[in-house]
Amino acid sequence: MTGGRPSGAAGPGRSEGHGEGLLWALLDQAHGLPPRLVAPLVAEAVSRFGGRDPALLLQDYGQLVLVPLPGRGLAAGVPVRIEGSPAGAAFLRGAPVEVPQTDGVRVYLPLLGGSDEVGVLALTLDDVGEDGRRLLRRLAALVADLLVTKRGYTDRIFQARRMEPMSVAAEIQWSLLPPLSMTVPRVAVAGILEPAYQVAGDSFDYALNDDVLHVATIDAMGHGLDAATMATVAIGAYRHARRADIGLAEIYAFMDRAIAEQFGPDHFVTAQMMRLDTVTGHLQWVNAGHPQPLLIRDHVVVERLESETTLPVGFGGEVPVISERVLRLGDRVLCFTDGLVEEREAGGEQFGEERLIEWVDRVERSQDGVRAVVRALSHVLKEKRGGRTSDDATLFLIEWRGGPGTPPGLS
């Protein structure tokens, strides 16, 4: 017994029929709702489900803490560290976490907007039964979609996520990015940029078009606004070419012309463009000046994906070399830019790829899921590099999961 009611019983507003009615009412109210009324609407919905002390927790740009979204009816509080907290566990695992308390159960629900995770909804209930869990998952999905929709025309959500001032160059880069992670049955991806509040020339982009995953990572030369402007053109050219359904060689040529014509012969962007057939595991890529990607199998780096390097975008004119590999089920491919390995430590020695591989192996064994791996790897590498990031750095991790009827890949 908890709170005088059998633990499996449906609480106030949590019977199947009544709960579904509340969800439909919430959906009706959400249409046309101004952003400032999101918080009161969520608070009201939680109350009608029999919950209290609701909080909407959003990941900060540095991916260190979950920050409470302010708003009428939402519980105020301080940022919660992702590492080691129940809210952080729900966020990283993408699964609810329940913590018994003296006055009931504190429930942390991941806010999944499609395949991207927006944050965490926290609330307290007297008890949690199966009907309640099912309805709360649906409520969390609805709230996630509401936040994704409303953040398109308000600054309040972006402001809440900031733990320090952001440069104009970083503002531009963050506005370009797709969701930081995506998880679907056949493939999962996750990326991270550093330094989060000062990044300028690094960026990534991806799209899942039918069964083909398209990925690009780029690093524009220079720093500040000049680099951010060049990165903007590079990503825009990549998207334009990709959406024209042309091949990797043609995408490279289009990006090369765009950078050369806009910025002249003394400017360039290093880049890596990939295509992964998510049914067969067939991977193709063009490497235009990036470090070789790492192939991870059974949580261990087994090799560098070596290929002939094509000239950086802007210096081209040649036909790029397209490399190919068929992945095995569960294989991961880690792409990264040179800012990650060329950082010099206090003694003047570069961090280097060998130490990167060493830490990839350690983190892979300690974390589940591509999003948790990328986040943990970024933070531990920054720590091991002395906490400094004098150049932009990007990590982007792809996991091929295959699907029903998918034949195993060959090495």
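In what order do the strands of the open sheet lie, and with what pairing? In this predicted model, the sheet has 6 strands in the order S3-S2-S1-S6-S5-S4, and the pairing is antiparallel.

**Sheet**
- Strand S3 (80-81) and strand S4 (97-101) form the edges; each has a single partner strand, so one side of each has no neighbour in the sheet.
- Between S1 and strand S2 (residues 65-68), the antiparallel pairing extends over 3 bridges.
- Leu 58 has Val 67 in S2 as its bridge partner.

**Helices across the sheet**
- Helix H2 (residues 38-48) lies across S1 and S6, at about 135° to S1.
- H3 lies across S1, S2, S4, strand S5 (104-113) and S6, and runs at about 140° to S6.

**Largest pocket**
- The largest pocket holds about 570 Å³ of space.
- Its lining consists of 29 residues, and those nearest the centre are Arg 151, Phe 158, Arg 161, Trp 174 and Leu 180.
- Elements that each supply at least two lining residues include strand S1 (52-59), strand S6 (116-125) and helix H4 (130-150).
- The lining comprises 16 nonpolar, 5 polar and 8 charged residues.

**Second largest pocket**
- The second largest pocket has about 480 Å³ of space.
- It is lined by 26 residues, with Leu 92, Arg 93, Gly 94, Asp 368 and Arg 371 closest to its centre.
- Two or more lining residues come from each of helix H3 (86-93), S6, strand S7 (181-184) and H10.
- H3 gives the largest share of this lining, 4 residues.
- By class, the lining has 7 nonpolar, 11 polar and 8 charged residues.

Definitions and conventions: Residues are numbered from 1 along each chain as its sequence is written. This is a predicted model: local features need pLDDT of at least 70, side-chain atom pairs count only at pLDDT 80 or more; totals for chains, interfaces and linings use all residues. Side-chain values use heavy atoms; hydrogens and water are left out. On a 1 Å grid over the protein atoms alone, a cavity is a set of points where a 1.4 Å probe fits but cannot get out, and a pocket is an open set with protein on both sides within 12 Å along at least five of seven lines; lining residues have an atom within 4 Å of a point. Grid points are joined across faces, edges and corners, and a volume is the space filled by probe spheres set on the points. Ala, Val, Leu, Ile, Met, Phe, Trp, Tyr, Cys and Pro count as nonpolar, Asp, Glu, Lys and Arg as charged, and the others, Gly among them, as polar. Two strands pair if DSSP finds at least two bridges between them. Contact means heavy atoms within 4.5 Å. Axes are lines fitted to C-alpha atoms, for helices over the stretch in contact, and angles run from 0 to 180 degrees between N-to-C directions.
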